[in-house]
Each structure stands twice: as C-alpha cells, then as structure tokens.
Amino acid sequence: MDFNGSDTIPGPRAEDQLPHTAQAAAKIVIVGGFGVGKTTMVGSVSEITPLTTEETMTQAGIGVDDNFGSASKTATTVAMDFGRISITEQLVLYLFGTPGQQRFWFLWNGLFEGALGAVVLVDTRRLEVSFDVMGRLEERGVPFVVAVNSFPDAPRYAIEELRAALDLTPDIPIMECDARRRASSRDVLMTLMRFLHSLAMTGSRA
Amino acid sequence: MTPPQRQRRDLAPETATPREGDGKPGNPERMYVVAGPDGERAELDLVTLIVARATDPPPSASPEQAALLRLCAAPLSVAELSAYLHLPFSAMGVLLTELLTAELVQARAPIVRKARSDRSLLEAVMNGLQRL
Ligand SMILES: Nc1nc2c(ncn2[C@@H]2O[C@H](COP(=O)(O)OP(=O)(O)OP(=O)(O)O)[C@@H](O)[C@H]2O)c(=O)[nH]1
Ligand SMILES: [Mg+2]
C-alpha cells in the first residue's frame, strides 16, 4: 500500500468511531468449516460492516528443506473477518469469524487463548468438518457452544442425537440458529454468555 | 438417517502447528511484546485498543505511522487498524511497537479469559446483547 497518499486511507465512518471512554475490549470467536455461515453470523450482529484482517502464512514445508532459502517457500494469505458490538461506553466486544483449519489459528497471536469463548457453527450436511475444531477447543480449554445452521436441504437431527454424535457433555449448549437473522445470532451469543456465566458460578471449566 | 459420529482423539501431537504465541524459531514474528500501561510488558492482542496521544502526527512520523495515528484519533482495535491499513497482523506488531516506544500512542489492554471468569463482565455483556 502507498502510504504517501495516506490522507485518503479510509478509516471508520464517524458513526463507527468508538467513544474515548472505551477502556477495554474482549473477543469471541466463531469457528466452523468452509461456507458454514461464519461471515453471515458476524455480519448479522455487528454494529459495523464486517472488516477483514489478513495474515500471510509462509509454508516452509514441515520437516522439508526448511533451510534452503525463501525460494522454496510459498506464502498463503489467510483472511479472518470480524465485527464489533459496543456493550457499554467502556466495554467493546469483538467477534472473529475464524477459518476452521487449526493450522491457521496460530497466525493471530492469542486469538483463542484470550477469547472469552467460542461458537462452533455446524452444518448437518457436513457435520464431520467441525469434529477437529471441537477437539482442539477442548484441548485448549476454550469453552464453546454449538450452533446448528438450518440450511434448507440439510438433514435435520434431534438435538440429543447431535449431542451424541458430537460426543458433547450434557452441559454444553447446542441450539439451532439462522445466522442470517440478527435475533437468532444474538440468541446464540447470549447462550454462550450464559454458559460462561454458569461455568463461573460452578468454578468448573468446559 | 444417523449423523456421523465424532471420535474423541487422544491428544494428537501438534508438531506441525506451533501453538499460538509460543514464538518458536519458525515464527519469530509471533513475539510482540510491547510495553503496556505502567511499563509492564504485555502482548499485543487483536483487540488491544490503540489511541493516539496527540491529534497531529509529528513531522518525524513515517507515512505509515502518520496513517495509523490519524486512524486512531479515537480508540481503535489492532484488528481494525490492520483492516484499514491493509497490513497483516504481524506487521502491526512492528509498527505499533515503534509508536508505543515513541509514546505517540497508548495501548489499552484487552480483557482475556481467565481461569475464573469475571461474572460482572459476563453480566454486562449479556445486558449489552439484550439491547441489540
Ligand atoms: N439457510 C441458511 N443459509 C445461511 C445461513 N448462514 C449462512 N447462510 C448462507 O450460506 C452461505 C455461506 O455463508 P458465509 O457466511 O459466507 O459462510 P462462511 O462460513 O463465512 O464461509 P467461508 O468464509 O467461505 O468459509 C451464504 O450464501 C449465506 O447466505 C443460515 O443460517 N441459514
Ligand atoms: Mg467467511
């Protein structure tokens, strides 16, 4: 990017600026496989038009000629979109729609470690693409809820059948949602917050 | 029709994929340690809020720095700065470390998940979501 013409770099619109009183921000991640509705969910609850942060990943080849110079490396750009909800004059919540492949996660420092919790979006047409992500969240101790997107041609299962298939303990909330609808996406976030709150009450972890 | 069944794995090795922020030699740029408020060291997070300390960038500021300073006249997260500047998160670490060192910007540390969640924080978030 040419920063010499930087007077013209579009920044937030006046109405998208945070107040000076904004003291701290927290984040939530929305994870799921390709095309499951991550961007849609971020967009439906965000107060700003979703933005994208990119990171380049150098594929140095795992265990292969790592030391033979940059010519053998290829760079992949990984994009993550995110939105924002102002909670109070002091507190801001960010939502990150994160690619499902675990190898991308470390690109953004602290993304999962620092997140309050996660929403795992699943598509019943491809349930198995979300298996890996749930395992990784469990390993890292990131509390999560599961939101099932109802695509029109998707098979429908009873929630308890899904719970058994996903091998989730009874305390982990599973719910249906329509990521295109703000109220539905908000309900998912509320469910996550209530779940986190209940964990805080019992002192236990997911 | 029954759904496919998830098999819990044994904790699979994560050899090929360094954990976040562990700063292995392959990813030296992972370590963004910046001076936080009161001089303690804090890692730069996607949701660290950045605010310019003065409205006008000093003449010594590079065009990149000046662009960033103009963007964060009001508080803005590192993620938003990265998006508006079209710079990868790793590049933000470098740029912001310079600006923090020069005391041209202030960083407001993020709220991160703790072993024991802060209930009043969660209650505030729930109230905020209710108003959406
Ligand atoms: N019926 C239905 N369609 C949805 C829902 N959520 C998303 N879609 C549609 O599914 C498509 C993919 O949604 P995206 O939000 O782009 O999915 P994504 O997870 O961000 O996709 P990638 O970033 O490409 O992995 C879009 O055409 C959406 O309109 C939902 O809850 N119900
Ligand atoms: Mg997307």
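The model is predicted, so to speak: local features need pLDDT of at least 70, side-chain atom pairs count only at pLDDT 80 or more, and totals for chains, interfaces and linings use all residues. Residues are numbered from 1 along each chain as its sequence is written, chains are lettered from A and ligands numbered from 1 in written order, and side-chain values use heavy atoms, with hydrogens and water left out.

**Who sits around ligand 1**
- Ligand 1 has 16 residues around it, each with a heavy atom within 4 Å.
- The closest are Lys38(A), Thr39(A), Thr40(A), Asn149(A) and Ala179(A).
- By class, that shell holds six nonpolar, seven polar and three charged residues, with Asp, Glu, Lys and Arg counted as charged and Gly among the polar ones.
- Helix α1 of chain A (residues 38-45) gives the most to the shell, with three residues; helices here are DSSP runs of H or I, at least four residues long.

**Polar contacts and burial**
- Asn149(A) puts a side-chain N or O atom 2.5 Å from an oxygen atom of ligand 1; a polar contact is a pair of N or O atoms within 3.5 Å.
- On its own, ligand 1 exposes 650 Å², and the protein buries 67% of that (Shrake-Rupley, 1.4 Å probe).

**Cysteines**
- Over all chains, the search finds zero disulfides, meaning cysteine sulfur pairs within 2.5 Å.
- Cys177(A) is buried at 4% relative accessible area, and Cys72(B) is buried at 0%; buried means under 20%, with a 1.4 Å probe and protein chains only.

Definitions and conventions. A polar contact is a pair of N or O atoms within 3.5 Å; within protein, one must be able to donate a hydrogen and the other to accept it, and residues adjacent in sequence count only if both atoms are side-chain atoms. Helices (H or I, at least four residues) and strands (E, at least two) are DSSP runs, numbered from the N terminus. Buried means under 20% relative accessible area, exposed over 50%, partly exposed in between (1.4 Å probe, protein chains only).
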